[in-house]
Amino acid sequence: MPVAGEDEMTGPGQAMERLMASLGGGKARGLPPVERWNPPFCGDLDMRIAADGTWFYMGTPIGRPALVKLFASVLKRENDDYFLVTPVEKVGITVDDAPFQAVEMQVDGAGDARTLAFRTQVDDLVCVGPDHALRFARAAQDGLTPYVHVRRGLWARLTRALTYDLLALGEVRDVEDEAMFGVAAAGQFYPAVPASEIEDI
């Protein structure tokens, strides 16, 4: 399968070329203040982020990590919709699940004093706490899926391997008079499921 490269980044109305030009030609310079940008909506781009964190353009994986990181830096969520935003343009993209995937986890300490840090596939580094919460979702086939908040309503889904590692840290605690299975970190307990449902996961 061909991998999308710099010469292939064209499309209807050359939206991709305009987007890259407004981002400085592909050089990431830290996280821009997209929350303060409100440019006009310029339509949808044929770009999709798969559930495993792979970015696709016109059905082909984007093979340049630096380009993916650049696009990730200008990703914005509005309600349930996702956009790539520059000071002058906003284009819609499709996100299958969460826009990021957590691919590495570091654990220090235990219980409420435990520190959990994650790295995403685009090298965002987050430490679980008030600004970077954990949440869990149930799915019929995937069982229990954990997510960590990265920024501005954007979440990272943990890989299957990290999910097993995280759940191995779980314990049962009473939460509002109900026994809940969850994970403690940074002085907070993040409930996942009622303890009675653990065997079903």
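**Arg-77 and Asp-80 in close-up.** Exposed here means over 50% relative accessible area, and buried means under 20%, with partly exposed in between. With 61% relative accessibility, Asp-80 therefore counts as exposed. Its salt-bridge partner is Arg-77, and the closest N and O atoms of the two are 3.4 Å apart. Arg-77 itself is partly exposed, at 29% relative accessibility. As in every view that follows, please keep in mind that this is a predicted model.

**A salt bridge joins Glu-35 and Arg-152.** This view shows one of the 13 salt bridges counted in the model. The N to O distance between the Glu-35 and Arg-152 side chains is 3.4 Å. Glu-35 belongs to the loop between α1 (15-22) and β1, while Arg-152 sits in the loop between β11 (143-151) and β12 (154-158), so the bridge ties together parts that are 117 residues apart in sequence. Both ends are partly exposed: Glu-35 has a relative accessibility of 44%, and Arg-152 has 30%.

**Lys-69 and Asp-123 take part in a network of salt bridges.** The network links Lys-69, Glu-104, Arg-119 and Asp-123. Within it, the side chains of Asp-123 and Lys-69 meet at 2.5 Å, N to O. This pair links distant parts of the chain, with Asp-123 in the loop between β8 (115-120) and β9 (125-127) and Lys-69 in helix α2, 54 residues apart. Asp-123 is partly exposed at 37% relative accessible area, and Lys-69 is likewise partly exposed at 33%.

**Phe-41 meets Phe-83 edge-to-face.** Here is one of the two aromatic pairs found in the whole structure. The ring centres of Phe-41 and Phe-83 are 5.9 Å apart and the planes stand at 85°, which makes the pair edge-to-face. Because Phe-41 lies in strand β1 (residues 41-49) and Phe-83 in strand β5 (residues 81-85), the contact ties together parts that are 42 residues apart in sequence. Phe-41 is partly exposed, with 47% relative accessibility, whereas Phe-83 is buried at 10%.

**Trp-55 stacks with Phe-71.** In this aromatic pair the rings are 6.3 Å apart, centre to centre, with 25° between the planes.

**Two arginines sit over aromatic rings.** The charged end of Arg-48 is placed over the ring of Phe-56, 4.6 Å from the ring centre. In the second example, the charged end of Arg-135 sits over the ring of Trp-155, also 4.6 Å from the centre.

**Leu-134 in the largest nonpolar core.** This core has 46 residues, and Leu-134 is among those with the most contacts inside it, together with Met-47, Trp-55, Leu-84, Ile-93, Leu-116 and Phe-118. Helix α2 gives the most to the core, with five residues. Leaving aside residues up to four places away in sequence, Leu-134 touches Leu-116, Phe-118, Val-128, Tyr-147, Val-148, Trp-155, Leu-166, Val-183 and Tyr-190.

**Cys-42 and Cys-127, two cysteines of the model.** The disulfide count for this structure is zero. Cys-42 is partly exposed, with a relative accessible area of 38%, and Cys-127 is also partly exposed, at 39%.

How values were computed: Residues numbered from 1 in each chain as written. Predicted model: local features only at pLDDT ≥ 70, side-chain atom pairs only at ≥ 80, totals over all residues. Heavy atoms only, no water. Disulfide = S-S within 2.5 Å. Buried < 20%, exposed > 50% of the residue type's maximum accessible area, 1.4 Å probe, protein only. Phe/Tyr/Trp six-rings, centres within 6.5 Å; stacked < 30°, edge-to-face > 60°. Helix = DSSP H or I, 4+ residues; strand = E, 2+ residues; numbered from the N terminus. Lys NZ or Arg CZ within 6 Å of the ring centre and 35° of its normal. Core = buried A, V, L, I, M, F, W, Y, C linked by side-chain atoms within 4.5 Å. Contact = heavy atoms within 4.5 Å. Salt bridge = Lys/Arg side-chain N within 4 Å of Asp/Glu carboxyl O.
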